[in-house]
Amino acid sequence: MTTSTSARAGVGPARAGSTPAPALAARTRGLRKTYGSTVAVDNVDLDLPEGAVLGMLGPNGSGKTTTIRMLLGLVRPTRGEVELLGHALPDGAGHALPHVGALVEGPGFHPFLSGRENLRRAAAFEPLLASGSIRGAVEDALERVGLSPAAHRRYRGYSLGMKQRLGLASALLVPRRLIVLDEPTNGLDPAGTREIRRVIAELHAAGSTVLVSSHLLSEIEATCTHVAVLHRGTVVAQGELAELLRSGSQALMITTPDVEEGLNVLRASRISARPAEDGLRVELTGTSAPDVLRALVGAGVAVHEATRPHTGLEDLFARLTEDDGPDRGAEIDVAFEAEEELR
Ligand SMILES: Nc1ncnc2c1ncn2[C@@H]1O[C@H](COP(=O)(O)OP(=O)(O)OP(=O)(O)O)[C@@H](O)[C@H]1O
Ligand SMILES: [Mg+2]
């Protein structure tokens with residue numbers, strides 16, 4: 001069994017039935033979106049637990065933005081269901097959306113108004129914001145994203161990073177139950193990236209749920225409690241980050257000079273192993289680390305060290321989306337499916 005198979009089997013929707021269902025800030029079932037013959041998103045069952053910071057990962061074109069747009073009611077699914085803060089979309093959008101702040105591609109800011117004026121306009125449309133509180137809320141949001149010094153400048157002259165910050169400020173105008181950020185660090189310098197990390201941590205500490213898509217795996221690893229990995233429009237793994245990483249690490253590295261003898265001992269115990277640097281690499285499928293060590297030490301093999309190699313999110317992501325490049329394959333799969341649908 002390959003590690004990627006076990007990672008897929010260890011987490012994901014199949015698990016949901018066996019554990020008590022957590023309260024979900026967002027939930028999709030069988031979500032699908034096609035554009036002509038392109039399947040952008042297919043059969044996505046996403047669970048976003050309340051209070052989680054869920055990182056959505058996937059190569060270019062894997063369907064992250066399309067999924068997020070459907071979650072926010074900006075795009076109508078071809079098929080499937082979306083529930084946002086307990087309300088089914090599209091009918092419940094009016095109840096759910098005031099509690100949701102979002103930063104997605106192409107926010108409609110006016111080029112000839114300043115950042116501050118744009119934000120005041122956006123604030124005027126917030127149903128949860130009293131008109132007397134608009135000025136204060138706008139200044140707070142500008143401060144929070146570090147945009148106060150440039151708030152008087154026209155949006156037209158903003159850099160990409162400044163535009164991102166303004167979009168984030170508009171998501172933060174009122175306290176939200178759910179914040180959705182599509183590639184928030186896009187165009188930001190390292191200081192801006194750190195600020196996003198801080199804002200996400202603050203939102204999490206305040207009890208908000210956060211959904212954030214990113215290509216920066218290290219950022220996701222540092223900020224998220226949960227992860228969903230998309231590949232070619234489908235979810236190939238989702239669950240708690242710690243659990244995902246654990247399920248991805250199935251090997252035991254043994255430092256020993258007795259490589260041949262070790263291999264023989266393990267083979268006799270039907271444990272799969274192969275030579276590795278300084279010793280052996282043992283696969284822990286169908287066995288456990290204590291069993292392996294007992295067998296080796298019991299047979300007189302000198303075990304100098306035994307370690308579980310750390311599986312970083314980067315390794316796991318690479319394995320789950322192995323056959324990749326940008327997700328161009330999606331178009332090919334999809335052309336076939338579209339044909340089937342027509343039949
Ligand atoms: N409006 C559209 N019309 C046609 N095709 C679309 C449209 N929106 C998305 N697609 C296609 O759907 C697929 C998924 O795109 P999507 O933008 O959701 O990916 P993504 O994971 O957000 O990628 P990236 O990391 O580049 O932002 C791609 O093949 C894309 O070309
Ligand atoms: Mg995108």
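Residues are classed here as buried when their relative accessible area is under 20%, as exposed when it is over 50%, and as partly exposed in between, with a 1.4 Å probe and protein chains only. The structure is a predicted model, in which local features need pLDDT of at least 70 and side-chain atom pairs count only at pLDDT 80 or more, whereas totals for chains, interfaces and linings use all residues. Residues are numbered from 1 along each chain as its sequence is written, chains are lettered from A and ligands numbered from 1 in the order in which they are written, and side-chain values use heavy atoms, with hydrogens and water left out.

The protein chain contains 13 helices and 15 strands, these being DSSP runs numbered from the N terminus (helices H or I, at least four residues; strands E, at least two). Of its 343 residues, 46% are buried. Where contacts (heavy atoms within 4.5 Å) join residues at least 6 apart in sequence, 70% of them link residues at least 24 apart.

Two aromatic pairs were found in a search of the whole structure; rings of Phe, Tyr and Trp (its six-membered ring) pair if their centres lie within 6.5 Å, and planes under 30 degrees apart count as stacked, over 60 as edge-to-face and the rest as tilted. The ring centres of Phe109 and Tyr155 are 5.3 Å apart and their planes stand at 50°, so this pair is tilted. Phe109 lies in the loop between β7 (100–103) and α4 (115–124), and Tyr155 in the loop between α5 (134–144) and α6 (160–171), so that the pair links parts of the chain 46 residues apart. Both Phe109 and Tyr155 are buried. Tyr155 also forms a tilted pair with Tyr158, with 5.8 Å from centre to centre and 55° between the planes, and Tyr158 is likewise buried.

Helices α4 and α5 pack with their axes 10 Å apart and at an angle of about 125°, where axes are lines fitted to C-alpha atoms, for helices over the stretch in contact, and angles run from 0 to 180 degrees between N-to-C directions. The two helices are therefore oblique to each other (under 35 degrees counts as roughly parallel, over 145 as roughly antiparallel, 65 to 115 as roughly perpendicular and the rest as oblique). Arg116, Leu119, Arg120, Ala123 and Ala124 of α4 make the contact with Ile134, Arg135, Val138, Glu139, Ala141 and Leu142 of α5.

Gln164, in helix α6, is buried, with a relative accessible area of 14%.
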